[in-house]
Amino acid sequence: RERHPDVFYSISATTRAPREGLEEDGVHYYFLTHEKFEEMISENAFIEYKRYCGNIYGTPRKPVEDALASGRSVVLEIETQGMKDAYAQYPEAVTIFISPPSLEILGQRLRGRKSEEEEVVLRRLKQAEEEMTCSKNYRYTVINDDLEKARDELNRIFLDETADL
């Protein structure tokens, strides 16, 4: 985002509570009630959404479509089923799977946050294990073992994919 400030980074919506002191509404997520989220689902206001660990997460449609209409590149940070749903609507999209180096390291990272109970961490690890098998469905896979290296690889992909635009 620092290297390409003109790119529109989509903010997801969720029904989960913000991580206290770490997340702000409208910056990290749009934090919605279950009722509001369900209302928006019925209005087809999401490109994709997923029920996950007792909450709902989704990509609001209007900001993405407005950005695309203005000629901007758009980045969605979504899970694997959401990617399938979004890709069905935007088949020209470039898909990148960002993978942890291993489930063990992912577990260490999640526990290091100290923002979730162990039960939630274990559910997330199980989900991650299933999602990692989906990497073959993406055009690119980036292993997030070294932040700067992963950032450089994402930048290279972006530059390669937008060279002809």
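Reader: In this predicted model, what relative accessible area makes a residue buried, and what makes it exposed?
Author: The model is a prediction. A residue is partly exposed between the two cut-offs. Exposed means over 50% relative accessible area, and buried means under 20%.

Reader: Is serine 12 buried or exposed?
Author: Serine 12 is found in the loop between β1 and β2. Its relative accessibility is 12%, and the limit for buried is under 20%. So serine 12 counts as buried.

Reader: Which residues does serine 12 touch, not counting residues up to four places away in sequence?
Author: Start from the loop between β1 and β2, where serine 12 is found. Then leave out residues up to four places away in sequence. Serine 12 touches Tyr29, Tyr30, Gly58, Thr59, Pro60 and Glu77.

Reader: How far apart are the end C-alpha atoms of helix α5?
Author: Helix α5 has 15 residues, 118–132. At 1.5 Å a residue, the helix should span 21 Å. The model agrees with this: the end C-alpha atoms are apart by 21 Å.

Reader: What arc do the buried residues of α5 cover around the axis?
Author: The buried residues of α5 are Val121, Leu125, Gln127, Ala128 and Glu131. They sit on the same side of α5, because the arc they cover is only 165°.

Reader: Which exposed residues does α5 carry on the face turned away from its buried side?
Author: The buried residues of α5 pack against β4, α3, β7 and α4. Now look at the face turned away from that buried side. Its exposed residues are Glu119 and Lys126.

Reader: Why do the buried residues of α2 line one face of the helix?
Author: Arg61, Val64 and Ala67 are buried in helix α2. An α-helix has 3.6 residues a turn, so residues three or four places apart point the same way. Seen down the axis of α2, the buried residues line one face because they fall within an arc of 140°.

Reader: Which residue in β8 is the bridge partner of isoleucine 96?
Author: β7 has an uncovered face, Ile96 and Ile98, and a covered one, Phe97 and Ser99. Four bridges join β7 to β8, and the strands run parallel. In β8, the bridge partner of isoleucine 96 is tyrosine 140.

Reader: How are the rings of tyrosine 29 and phenylalanine 31 arranged?
Author: A search of the whole structure finds five aromatic pairs. In this one, the ring centres are 5.7 Å apart and the planes are at 55°. Planes over 60 degrees apart would count as edge-to-face and under 30 as stacked. So the pair of tyrosine 29 and phenylalanine 31 is tilted.

Reader: How are the rings of tyrosine 29 and tyrosine 57 arranged?
Author: Tyrosine 29 lies in the loop between β2 and β3, and tyrosine 57 in strand β5, 28 residues apart. Their ring centres are 6.2 Å apart. Their planes are at 65°, so the pair is edge-to-face.

Technical notes
Residues numbered from 1 in each chain as written. Predicted model: local features only at pLDDT ≥ 70, side-chain atom pairs only at ≥ 80, totals over all residues. Heavy atoms only, no water. Helix = DSSP H or I, 4+ residues; strand = E, 2+ residues; numbered from the N terminus. Expected span 1.5 Å × (residues − 1). Buried < 20%, exposed > 50% of the residue type's maximum accessible area, 1.4 Å probe, protein only. Arc of directions from axis to C-beta. Contact = heavy atoms within 4.5 Å. Pairing = 2+ DSSP bridges. Phe/Tyr/Trp six-rings, centres within 6.5 Å; stacked < 30°, edge-to-face > 60°.
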